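I went through the helices and then the strands.

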Amino acid sequence: MLKVGFHRVSLIRYTGFKSSPYTEGALFYGEKLAAGQARDDVVSQAEPEAAPLKEAACKPGST
Amino acid sequence: MSPEMTESEILKVRQGIKEKYDRVAAAGSGGCFQYPTGKDGMDLQGYPPELLRDFPPEVLAAFCGVGNPFSLGPLAPGDAVLDIGCGAGVDSLVAAHLVGAGGTVVGLDVTPGMVEKARANQARVGLAHVTFQVGDAEALPFPDNDFDAVISNGVFNLTLNKEKALKEAHRVLKPGGRLRLADMVLVAALPPDLSDKVENWFQ
């Protein structure tokens, strides 16, 4: 996101929704720089939770 | 785009994703995802109950998002919002509710069947200031600086060229505009027998 021009980029948190043992939902935020605004490139990143799958309705690997 | 993917693999991925979401459009989200979908999923992700009360159950049943992009900050009344990969339109309709009649929402999805479903859901909810159209996240059919906010829920992981899709989201945002994105990410290394399987994209 920073690379394409966003600033104030954050991985805010993980959502607990897992589509496999290897993938989890996450929430990201970024802003497009406004005219005259100074870039704020401090990137914050949450850590994934070790939460189990909440539902196993599909075959492994499904999203 | 993954540099090691061949042209035939890219075509296979695009076709596989399209076929999966054609199935979701026809049959609904139930059983197609490994996490809670429908109203249960929305409740778990903290969508405001007072807002969901205004939506018919069959609309809420179509939700298959991986998170709640609205939890990342408010939409202002009158905002212009783009929902990239709107699917059955649930988040677009939530956004339309939040921005009010003075705002506008566009839901965009690459799968015509999902756009049809979104339009049907719009008719059920009765919000006039949201439109749905077919389009690709990597080539957004909008001018520069057109939206106050871009939202997306579980879609960028399905784009082959994520940098291009993010560039497009940045391009169509107005200066000061916000991207609020929920998506699937890798949280552990894939084992070697899974890491290079094209089928991972659309199973």
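Is the crossing of H5(B) and H6(B) left-handed or right-handed? I looked it up, and the crossing of H5(B) and H6(B) is right-handed. (A crossing is left-handed if the near helix is turned anticlockwise from the far one by less than a right angle, and right-handed if clockwise.)

Before going on, I noted that this is a predicted model, where local features need pLDDT of at least 70 and side-chain atom pairs count only at pLDDT 80 or more, while totals for chains, interfaces and linings use all residues. Residues are numbered from 1 along each chain as its sequence is written, and chains are lettered from A and ligands numbered from 1 in the order in which they are written.

Entry on H5(B) and H6(B). Helix H5 (residues 90-99) of chain B packs on H6(B) at an angle of about 35°, and their axes are 9 Å apart. (Axes are lines fitted to C-alpha atoms, for helices over the stretch in contact, and angles run from 0 to 180 degrees between N-to-C directions. Helices, H or I with at least four residues, and strands, E with at least two, are DSSP runs numbered from the N terminus.) I listed B:Val90, B:Ser92 and B:Leu93 on the H5(B) side of the contact, with B:Ala118, B:Asn121, B:Gln122 and B:Val125 on the H6(B) side. (Contact is C-beta atoms, placed from the backbone, within 7 Å.)

Entry on H1(B) and H6(B). Helix H1 (residues 7-27) of chain B and helix H6 (residues 112-125) of chain B pack at about 30°, with axes 8 Å apart. That makes H1(B) roughly parallel to H6(B). H1(B) brings B:Tyr21, B:Asp22, B:Ala25 and B:Ala26 to the contact, and H6(B) brings B:Gly113, B:Met114 and B:Lys117.

Entry on strands. I saw strand S1 (residues 6-20) of chain A joined to S2(A) by 8 bridges, in the antiparallel sense. (Strands pair if DSSP finds at least two bridges between them.) S1(A) and S2(A) form a hairpin with 2 residues between them. Strand S2 (residues 23-32) of chain A also pairs with strand S5 (residues 173-186) of chain B, antiparallel, over 9 bridges. There, A:Leu27 has B:Ala182 as its bridge partner. Strand S4 (residues 147-153) of chain B runs parallel to S5(B), with 6 bridges.

How values were computed. Angles under 35 degrees count as roughly parallel, over 145 as roughly antiparallel, 65 to 115 as roughly perpendicular and the rest as oblique. Two residues are in contact if their C-beta atoms, placed from the backbone, lie within 7 Å.
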